[in-house]
Amino acid sequence: MDSSNLPAQLIGIFFVIASFSMAFRRGMMMTVFREVFRSRALSYILGFFMLGIGLFLVLKHANWTGGSATIINILGWYLLIESVAYLFLQQMVMYKLFNWLEYKKVYYTISIGFLILGGYLVYAGFFVIAS
């Protein structure tokens with residue numbers, strides 16, 4: 001196995017599983033989201049871990065050549081920006097920002113987006129030969 005494909009494989013499988021969990025367990029997921037945004041400690045811890053993962057992806061996978069490499073780098077930057085929001089924005093602001101997940105169309109669109117992105121990364125990670 002080529003280790004340069006590992007991030008695409010890992011993130012791809014994660015996104016596919018997360019998309020199915022989101023699609024079939026909406027009630028549970030919404031409860032989890034509400035609890036995270038209500039608890040300052042939980043949102044801080046989540047932001048702290050997201051910061052570490054985002055930094056790892058940006059620093060370790062910083063090449064912008066190829067489709068999956070670009071997507072992984074964009075995801076790393078997204079995680080960095082979101083983690084800073086979790087760490088520094090007030091709890092009520094975060095709760096209001098993510099209140100749009102209550103809309104089913106938005107929620108399921110995100111779930112489908114995770115499935116498409118994850119499917120692409122799984123394909124790129126397992127079936128496309130890295131250059």
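Here is a friendly conversation about a predicted model and the terms used to describe it.

Colleague: What should I know about this model before we start?

Modeller: It is a predicted model, so local features need pLDDT of at least 70 and side-chain atom pairs count only at pLDDT 80 or more, while totals for chains, interfaces and linings use all residues. Residues are numbered from 1 along each chain as its sequence is written, and side-chain values use heavy atoms, with hydrogens and water left out.

Colleague: What makes a run of residues a helix here?

Modeller: A helix is a DSSP run of H or I with at least four residues, and helices are numbered from the N terminus. Helix 2, for example, takes in residues 26–38.

Colleague: How do you know that the length of helix 2 agrees with what it should span?

Modeller: The expected span is 1.5 Å times one less than the number of residues. For the 13 residues of helix 2 that gives 18 Å, and the end C-alpha atoms are 18 Å apart, so the two agree. Helix 1 passes too: its 19 residues should span 27 Å, and its end C-alpha atoms are 27 Å apart.

Colleague: Which residues of helix 2 are buried?

Modeller: They are Arg26, Met29, Met30, Val36 and Phe37. These residues cover an arc of only 125° around the axis, which puts them on the same side of helix 2. The arc is that of the directions from the helix axis to the C-beta atoms.

Colleague: What do the buried residues of helix 2 pack against?

Modeller: They pack against helix 1, helix 3, helix 4, helix 5 and helix 6. Contact means heavy atoms within 4.5 Å. In helix 1, the buried residues include Phe15, Ala18 and Met22, and the buried residues of helix 1 pack against helix 2, helix 3, helix 4 and helix 6.

Colleague: What is Tyr108 in contact with?

Modeller: Leaving aside its neighbours within four places in sequence, Tyr108 is in contact with Met22, Ala23 and Arg26. Tyr108 is found in helix 6, and at 31% relative accessibility it counts as partly exposed.

Colleague: Why is the pair Arg38 and Glu35 called a salt bridge?

Modeller: The rule asks for a side-chain nitrogen of Lys or Arg within 4 Å of a carboxyl oxygen of Asp or Glu. The closest N and O atoms of Arg38 and Glu35 are 3.7 Å apart, so the pair meets the rule. By this rule the count comes to 1 salt bridge.

Colleague: Where do Arg38 and Glu35 lie?

Modeller: Both lie in helix 2, 3 residues apart, about one turn of the helix. An α-helix has 3.6 residues a turn, so residues three or four places apart point the same way. Arg38 is partly exposed, at 47% relative accessible area, and Glu35 is partly exposed too, at 42%.

Colleague: What makes a group of residues a nonpolar patch?

Modeller: Its members have over 30% relative accessible area and no salt bridge, and nonpolar side chains (Val, Leu, Ile, Met, Phe, Trp, Tyr) are joined within 5 Å. Like charges, by contrast, are joined within 9 Å. Here Ile13, Ile17, Tyr123, Phe126, Phe127 and Val128 form such a patch, with about 620 Å² of accessible area together. Accessible areas come from the Shrake-Rupley method with a 1.4 Å probe. Helix 6 gives the most to the patch, with 3 residues.

Methods: Helix = DSSP H or I, 4+ residues; strand = E, 2+ residues; numbered from the N terminus. Buried < 20%, exposed > 50% of the residue type's maximum accessible area, 1.4 Å probe, protein only.
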